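This briefing concerns one predicted model and is arranged by topic. Please look over the sequence and structure below before reading on.

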Amino acid sequence: MLRQALLAIAKSERAERVISSSRLTSDVVARYVASDVGAVIGELTRKGLLVTVDHLGEEVTDESQAEAAVAEYVRLLGLLPAGADVSVKLTALGLRLSRELALGHAATICREAAARDVTVTLDAEEHDTIPWLHSVHAALREDHPEVGVVVQAYLPDSLERCDGLAGARVRLCKGAYTAPGAYTRPADIDRSFVRCLKILMAGTGYPMVATHDPRLVRVAATLAVLAGRDQTGYEHQMLYGVRPDEQLRLAGQGARMRVYVPYGADWYAYLMRRLAERPRNLAFFLRSLLSR
Ligand code: FAD
């Protein structure tokens, strides 16, 4: 119930105006969003962590905003070390205006990234964009076979998606939005996640296991061993600000551990999704409002 309410608030322009204009939310934003992205990348890299960096913004409705997003990604690529990744939302590149527009912009980012030995991963967003996501991903792979894509385990067709992504870099996550027909019971989502993971680990691609769930982190490591993959054959991914000690522990054990680092002024929808994932975060949010 609370999750649904927060995800609805994430789409409300009125709530966005009120919450974004409040300086009171800064503690919570600072926990999840990098204020100085260059410094955060440097610090994480020094600690032996890999990064995927997301310039916040989504659901853009005019071409100039999409062009500005591409320009920012190109600027960002100049800050990143080789081996880094950028996470890109197609709706930030104009997907709501046209598939061709978003594809062209994504191809520009892929070209610039390849020149710097950086990879690109396409985030998964609202359910109505998922067919476009996979169509754009397939088109990009013709010239950029290393471009990655996200599969959300809460979607009942996630198994078929994983089957169809042989040889690809695939980030598997539970799913942060709502979708008609999506699994909602945690046990069903976890079961789907493990089934998808089995397919990805047994396949020829590169699985990116995006979860903070301790049980699923262990399952991933076990399935990798069973599939004959060593620690370079897959990676764990977690969000900036979530379970940082666990991120260091996994990296210390020799695992490839990548941190998803969001930055930028357009943090509202991202933050609301983080609050929806964990009711305890809402208490933290409200406490930080009341303590001012
Ligand atoms: P959960 O069961 O939600 O959490 C397990 C434990 O992790 C919790 O008990 C808690 O201890 C901790 N935890 C989880 N979330 C939080 C939080 N917000 N704050 C504090 N602690 C927390 N979703 C998409 O739909 N599309 C994407 O493209 C996408 N990309 C992602 C990329 C990465 C690298 C990661 C890690 C997640 C991504 N997600 C994406 C979000 C994902 O779908 C989940 O909503 C999110 O990861 C929470 O699920 P979980 O697997 O961590 O398990």
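In helix H9, the buried residues are Ile 189, Ser 192, Phe 193, Cys 196, Leu 197, Ile 199, Leu 200 and Met 201, where buried means that 20 or more other C-beta atoms, placed from the backbone, lie within 10 Å of the residue's own. The model is a predicted one, in which local features need pLDDT of at least 70 and side-chain atom pairs count only at pLDDT 80 or more, while totals for chains, interfaces and linings use all residues. Residues are numbered from 1 along each chain as its sequence is written.

**Helix H9**
- H9 comprises residues 186-202, and its 17 residues reach 24 Å from first to last C-alpha, close to the 24 Å expected at 1.5 Å a residue, the expected span being 1.5 Å times one less than the number of residues.
- The cover over the buried residues of H9 includes strands S4, S5 (169-173) and S6 (206-210), together with helices H8 (158-163) and H10 (214-226); helices (H or I, at least four residues) and strands (E, at least two) are DSSP runs, numbered from the N terminus.

**Shell around the ligand**
- The ligand is surrounded by 23 residues, of which Asp 123, Cys 173, Ala 176, Thr 211 and His 212 are the closest; a residue is near if its C-beta atom, placed from the backbone, lies within 6 Å.
- At least two shell residues come from each of S4 (148-152), S7 (235-239) and helix H12 (268-277), and S7 gives the largest share, three residues.

- Gln 152, which is placed in strand S4, counts as buried because it has 27 C-beta neighbours inside 10 Å.
- Leaving out residues up to four places away in sequence, Gln 152 touches Ala 124, Ser 158, Cys 173, Lys 174 and Gly 175, contact being C-beta atoms, placed from the backbone, within 7 Å.
- Thr 211 lies in the loop between S6 and H10 and is buried, with 21 other C-beta atoms within 10 Å.

- Lys 89, in the loop between strand S2 (85-88) and helix H6 (99-115), is buried, with 25 other C-beta atoms within 10 Å.
- Arg 274 is found in helix H12 and counts as buried because it has 22 C-beta neighbours inside 10 Å.

Notes
A residue is buried if 20 or more other C-beta atoms lie within 10 Å of its own, exposed if 12 or fewer, and partly exposed in between; C-beta atoms are placed from the backbone. Two residues are in contact if their C-beta atoms, placed from the backbone, lie within 7 Å.
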